[in-house]
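Please find below a note on the model under review.

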Amino acid sequence: MVDRVFSVERPLLAMNSLRIETEKSQHKGFAALLKGCFGVIRNPLAHEPKILWEDDAADYLSLLSLLHRKLDDCVPTRMGGSQ
């Protein structure tokens with residue numbers, strides 16, 4: 001889902017204009033952070049004992065807060081939809 005929404009060629013959402021290589025790299029990195037959070041927070045904790053979750057909870061919540069704020073600033077594009 002993240003790959004589709006944040007593709008560089010035909011994004012459904014964009015966090016910047018994607019005009020220069022730096023913006024494209026930032027966009028790809030943001031998508032990688034989102035995917036990483038899904039993997040590190042959701043999957044292991046759902047299938048393994050919750051070891052040391054309390055020690056990391058505040059850090060995870062801070063990261064999720066940052067990602068959510070960045071998602072709020074993303075804009076829908078016409079590139080992703082059918083034209």
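What volume does the largest pocket have?

1. The largest pocket has a volume of about 220 Å³. A pocket is an open set of points, on a 1 Å grid over the protein atoms alone, with protein on both sides within 12 Å along at least five of seven lines. Grid points are joined across faces, edges and corners, and the volume is the space filled by probe spheres set on the points.

2. This is a predicted model, in which local features need pLDDT of at least 70 and side-chain atom pairs count only at pLDDT 80 or more, while totals for chains, interfaces and linings use all residues. Residues are numbered from 1 along each chain as its sequence is written, and side-chain values use heavy atoms, with hydrogens and water left out.

3. The protein has three helices and two strands, in the order α-β-α-α-β from the N terminus. Helices (H or I, at least four residues) and strands (E, at least two) are DSSP runs, numbered from the N terminus.

4. The largest pocket is lined by 13 residues, of which Val-2, Leu-34, Phe-38, Leu-67 and Leu-71 are the closest to its centre; a lining residue has an atom within 4 Å of a point. Two or more lining residues come from each of H1, H2 and helix H3 (53–73). H2 gives the largest share of the lining, five residues.

5. The largest nonpolar core holds ten residues: Val-2, Val-5, Phe-6, Phe-30, Ala-31, Leu-34, Cys-37, Ile-41, Leu-67 and Cys-74. Helix H1 (2–5) and helix H2 (21–47) each supply at least two residues of this core, and H2 provides its largest share, five residues. Such a core is a set of buried Ala, Val, Leu, Ile, Met, Phe, Trp, Tyr and Cys residues joined through side-chain atoms within 4.5 Å.

6. Beyond its neighbours within four places in sequence, Cys-74 is in contact (heavy atoms within 4.5 Å) with Phe-6, Leu-13, Ala-14, Met-15 and Phe-30.

7. The whole structure contains one salt bridge, between the side chains of Asp-3 and Lys-35 (2.8 Å, N to O). Asp-3 belongs to helix H1 and Lys-35 to helix H2, so the pair ties together parts that are 32 residues apart in sequence. The criterion is a side-chain nitrogen of Lys or Arg within 4 Å of a carboxyl oxygen of Asp or Glu. Lys-35 counts as partly exposed, at 39% relative accessibility.

8. Of the 83 residues in the protein, 23% are buried. Buried means under 20% relative accessible area, exposed over 50%, and partly exposed in between (1.4 Å probe, protein chains only).

Terms used
On a 1 Å grid over the protein atoms alone, a cavity is a set of points where a 1.4 Å probe fits but cannot get out, and a pocket is an open set with protein on both sides within 12 Å along at least five of seven lines; lining residues have an atom within 4 Å of a point.
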